[in-house]
Amino acid sequence: MESHEIKSNSEGDRIDYGIILSVMLLALIGLVSIYLATAHDTSTLQNPVRATVMQAAWYVIGGIGIFFVMRFDAEQLWRIAPYLYGIGIFLMIAVLIFYDRNTEASTGAKSWFALGPISFQPSEVMKPAYILMLSRVVTQHNAAFSHTIQHDWQLIGRMVLWTLPIAVLMKFQNDFGTTLVFLAIFAGVTLVAGINWRILVPIALVAGIIGTVGILLVTQTWGRSILGSIGFKTYQFARIDSWLNPSGSTTGDSYQLWQSMKAIGSGQLTGKGPIHIAVPVPVRESDMIFSVIGEAFGFVGAAVLILLYFMLIYQMIRVTFDTKNEFYAYISTGVIMMILFHVFENIGMNIGLLPLTGIPLPFISQGGSFLLANMLSVGMVLSMRYHHTSYMFSRDTEDFE
């Protein structure tokens with residue numbers, strides 16, 4: 001693999017402080033939000049100071065991870081991608097045997113390890129590993145083949161083969177929300193992989209039709225029987241019901257969504273302030289953290305948060321164009337799609353725009369493994385500016401043998 005490196009004399013000039021600043025501001029908002037969520041919820045048994053300190057500790061660990069990953073150049077990331085993918089698959093298989101019984105009993109998901117007071121979700125480790133592996137597969141294929149209909153179908157087939165084991169394991173773990181994140185990463189990389197539009201358009205249409213038919217089936221008794229026979233659970237139907245009619249059962253299946261919408265609505269323009277949070281929302285320190293921001297800081301606070309996400313994504317896109325590196329471009333696309341999907345889905349489900357899926361908010365929601373996965377992914381993007389390497393893979397390189 002040939003490369004041509006252009007590096008600045010000063011190490012400080014090679015660090016993208018715009019991305020780091022955006023992450024730090026999001027981290028600050030996250031710490032404040034977690035403290036407010038745990039301090040004002042009588043339903044939670046968490047000590048607010050302890051919960052905030054624990055999250056801060058994860059930010060420190062994640063920050064160390066960022067600067068560690070940032071020092072990996074494209075060639076090193078290329079070489080370790082298969083190993084990281086293999087480790088991720090191993091952990092996702094292991095969790096099916098050694099999953100936390102308490103979490104499975106309360107959520108139905110076999111996706112968490114528990115080591116004393118620390119819980120860990122292997123699928124979060126799999127996200128950056130999957131992004132790296134998918135980027136390698138696409139770069140390798142595009143360097144070896146021209147873009148024809150036949151070769152593009154072969155590329156899609158290869159991408160599916162590397163995605164299928166993850167999808168199957170996520171099915172066994174009963175974690176549909178995280179499965180959607182992997183599909184979003186897959187879709188994003190597919191869009192920028194240079195695949196012919198004659199293939200992409202029919203695939204998009206089929207996906208849209210399947211989604212529409214699925215929602216229609218949920219609204220019919222006979223449709224639910226069909227979906228139930230292929231693995232859909234009662235709680236998944238309940239989530240869609242609460243999404244379609246959030247006021248239908250405000251004390252039952254729709255309670256969480258209804259309370260979130262009420263909390264956000266009560267914040268109005270500037271919020272009620274951090275000491276006047278009164279609307280109880282289940283799991284508000286994690287999946288429903290946006291309701292805390294909406295109630296305490298109102299529309300203005302929510303808009304500032306979204307603006308920070310926009311700044312982060314913009315900085316990532318800018319770095320990608322500056323480096324002009326194909327492999328990095330796919331990595332960046334995967335990271336951007338992962339963050340965008342989390343933001344869109346989490347905020348959407350908090351305001352009733354989308355069904356509840358248990359998707360946390362990046363850099364804001366409580367959770368160590370989730371935060372660490374996002375921080376490591378940011379580190380991969382920062383690696384672009386740090387090394388500022390521009391190269392193209394040759395067809396006869398030994399990496400494709």
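Phe237 sits in helix α10, residues 234–244, in what is a predicted model. Helices here are DSSP runs of H or I with at least four residues, strands are runs of E with at least two, and both are numbered from the N terminus. Phe237 counts as buried because its relative accessibility is 9%; buried means under 20% relative accessible area, exposed over 50%, and partly exposed in between, with a 1.4 Å probe and protein chains only. Leu227 is ten residues away from Phe237 along the chain, and their C-alpha atoms are 9.5 Å apart.

Two notes on reading the values. Residues are numbered from 1 along each chain as its sequence is written, and side-chain values use heavy atoms, with hydrogens and water left out. Local features need pLDDT of at least 70 and side-chain atom pairs count only at pLDDT 80 or more, while totals for chains, interfaces and linings use all residues.

**Helix α6 and the cavity beside it**

- Helix α6 (149–173) is one of the elements giving two or more residues to the lining of the largest cavity, and α7 (176–192) is the other.
- A cavity is a set of points on a 1 Å grid over the protein atoms alone where a 1.4 Å probe fits but cannot get out, and lining residues have an atom within 4 Å of a point.
- The structure holds one cavity of 30 Å³ or more, and the largest cavity has a volume of about 30 Å³; a volume is the space filled by probe spheres set on the grid points, which are joined across faces, edges and corners.
- Thr163, Ile166, Ala167, Met170, Thr179, Phe182 and Leu183 line this cavity, and α6 gives the largest share, four residues.
- The cavity lining has five nonpolar, two polar and no charged residues; Ala, Val, Leu, Ile, Met, Phe, Trp, Tyr, Cys and Pro count as nonpolar, Asp, Glu, Lys and Arg as charged, and the others, Gly among them, as polar.
- Thr163 is also where α6 bends by about 35 degrees, with Pro165 following within four residues; the bend is the angle between axes fitted to the seven residues ending at a residue and the seven starting there.
- From first C-alpha to last, the 25 residues of α6 reach 36 Å, close to the 36 Å expected at 1.5 Å a residue; the expected span is 1.5 Å times one less than the number of residues.
- Buried residues of α6 include His151, Asp152, Met159, Thr163 and Gln173.

**The second largest pocket**

- A pocket is an open set of grid points with protein on both sides within 12 Å along at least five of seven lines.
- The second largest pocket holds about 380 Å³ of space.
- Its lining has 18 residues, and Val69, Leu84, Val125, Pro128 and Leu376 lie nearest the centre.
- Helices α2 (48–70), α3 (74–98), α5 (122–144) and α14 (368–387) each supply at least two residues of this lining.
- By class, the pocket lining has 16 nonpolar, one polar and one charged residues.

**Nonpolar cores**

- A nonpolar core is a set of buried Ala, Val, Leu, Ile, Met, Phe, Trp, Tyr and Cys residues joined through side-chain atoms within 4.5 Å.
- The largest nonpolar core has 84 residues, and Ile19, Met126, Ile166, Met316, Ile331, Ile339 and Phe363 touch the most other members.
- Helix α12 (residues 289–323) gives the largest share of this core, 13 residues.
- Another core lies apart from it and has seven residues, among them Leu257, Ala263, Val281 and Met349.

**Two positive phi values**

- Most residues other than glycine have a negative phi.
- Phe363 has a positive phi of about 65 degrees although it is not a glycine, and its place is the loop between α13 (326–350) and α14.
- Phe363 counts as buried because its relative accessibility is 1%.
- Gln268, in the loop between α11 (255–267) and α12, has a positive phi near 50 degrees.
- Gln268 counts as exposed because its relative accessibility is 62%.

**Other buried positions**

- Ser33, in helix α1, is buried with a relative accessible area of 1%.
- Asp16 is in the loop between β1 (4–5) and α1 (17–40), and is buried with a relative accessible area of 2%.
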